[in-house]
Amino acid sequence: MPKQSAGILLFRGHGPDLEVLLVHPGGPLWARKDAGAWTIPKGEFGPDEDPLTAARREFAEETGVALAGPFHALSPIRQRAGKVVHAWACRGDCDPAALRSNTFEIEWPPRSGKRQSFPEVDRAEFFSLAAARPKINPAQVDLLDELARLQVALDPHTT
């Protein structure tokens with residue numbers, strides 16, 4: 001069975017002003033990557049864990065923000081390496097500059113014997129849907145497209 005992740009696509013605004021929160025992976029391997037490197041806040045979950053519970057936990061770990069919902073299920077997507085990502089859209093707002101991410105430790109530089117800690121997410125930013133498309137992991141573009149289709153139903157300001 002492929003690995004599974006769960007995440008939250010946080011959005012704000014309405015209609016043409018709709019924006020989504022994306023995060024950039026931390027660590028030296030991602031430091032110089034931009035196009036196609038950004039992602040929704042997400043993480044792996046085990047077979048006995050509820051995916052939405054995992055998505056909420058991962059969002060909080062990677063951003064320092066706890067979300068209350070409501071959460072709207074999006075269709076799962078499969079990333080290039082085979083990982084299945086379950087995602088939920090949630091209307092909300094936060095200050096990306098106030099990001100507080102958990103950390104991970106790796107040997108760096110490679111084969112140096114030295115271990116260093118890095119933030120799992122080194123920055124977050126709200127993007128318009130058009131600006132998010134080239135930034136986000138290509139497999140996750142489908143999540144943006146689905147949100148665009150659903151925004152009318154999710155938007156309390158539509159008539």
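**Close-ups of a predicted model**

View 1. Setting aside residues up to four places away in sequence, Leu 143 is in contact with Leu 9, Ile 40, Leu 74, Ser 75, Ile 77 and Ala 87. Keep in mind, here and in every view below, that this is a predicted model.

**View 2. The largest nonpolar core.** Leu 143 turns up again here, as one of the residues with the most contacts inside this core of 21 residues. Leu 9, Val 20, Leu 22, Ile 40, Leu 144 and Leu 147 are the others on that list. At least two core residues come from each of strand 1 (4-12), strand 2, strand 6 (84-91), helix 2 (129-135) and helix 3 (141-154). The top supplier is helix 3, which puts in four residues. There is also another core, lying apart from this one, with 17 residues that include Ile 8, Val 23, Phe 59 and Ala 124. As a rule, nonpolar side chains in soluble globular proteins tend to be buried together.

**View 3. Gln 140, tucked into a loop.** Look for Gln 140 in the loop between helix 2 and helix 3. Its relative accessibility is 0%, so Gln 140 counts as buried. Leaving out residues up to four places away in sequence, Gln 140 touches Thr 39, Ile 40, Lys 42, Ile 77 and Gln 79.

**View 4. Trp 38 meets Phe 127.** The structure holds two aromatic pairs, and this view shows one of them. The ring centres of Trp 38 and Phe 127 are 5.1 Å apart and the planes stand at 85°, so this pair is edge-to-face. Trp 38 sits in the loop between strand 2 (19-25) and strand 3 (42-44), while Phe 127 belongs to strand 9 (residues 121-128), so the pair ties together parts that are 89 residues apart in sequence. Both Trp 38 and Phe 127 are buried.

**View 5. A tilted pair, Phe 104 and Phe 118.** This aromatic pair is 6.1 Å from centre to centre, with 35° between the planes, and it is tilted. Phe 104 lies in strand 7 (residues 103-107) and Phe 118 in strand 8 (residues 115-119), 14 residues apart. Phe 104 has 27% relative accessibility, so it counts as partly exposed. Phe 118, at 14%, counts as buried.

**View 6. Charges over rings.** Arg 12 has its charged end over the ring of Phe 126, 3.7 Å from the ring's centre. Elsewhere, Lys 33 lies over the face of Trp 30, at 5.4 Å from the ring centre.

**View 7. The largest pocket.** This pocket holds about 480 Å³ of space. Its lining is made of 21 residues, and Pro 25, Trp 30, Thr 39, Lys 42 and Lys 83 lie nearest the centre. Strand 2, strand 3 and helix 1 (51-63) each supply at least two lining residues. Strand 3 gives the most, with three.

View 8. Gly 69 and Pro 70 are joined by a cis peptide bond, with omega at about 5°. Pro 70 is in the loop between helix 1 and strand 4 (72-73). The peptide bond from Trp 108 to Pro 109 is cis as well, with omega near -5°. Pro 109 is found in the loop between strand 7 and strand 8, and Arg 111 lies in the loop between strand 7 and strand 8 too. Arg 111 is not a glycine, yet it has a positive phi of about 60°. Its relative accessible area is 79%, so Arg 111 is exposed.

Technical notes: Residues are numbered from 1 along each chain as its sequence is written. This is a predicted model: local features need pLDDT of at least 70, side-chain atom pairs count only at pLDDT 80 or more; totals for chains, interfaces and linings use all residues. Side-chain values use heavy atoms; hydrogens and water are left out. Rings of Phe, Tyr and Trp (its six-membered ring) pair if their centres lie within 6.5 Å; planes under 30 degrees apart count as stacked, over 60 as edge-to-face and the rest as tilted. Buried means under 20% relative accessible area, exposed over 50%, partly exposed in between (1.4 Å probe, protein chains only). A charge sits over a ring if NZ of Lys or CZ of Arg is within 6 Å of the ring centre and within 35 degrees of the ring normal. A nonpolar core is a set of buried Ala, Val, Leu, Ile, Met, Phe, Trp, Tyr and Cys residues joined through side-chain atoms within 4.5 Å. Contact means heavy atoms within 4.5 Å. On a 1 Å grid over the protein atoms alone, a cavity is a set of points where a 1.4 Å probe fits but cannot get out, and a pocket is an open set with protein on both sides within 12 Å along at least five of seven lines; lining residues have an atom within 4 Å of a point. Grid points are joined across faces, edges and corners, and a volume is the space filled by probe spheres set on the points.
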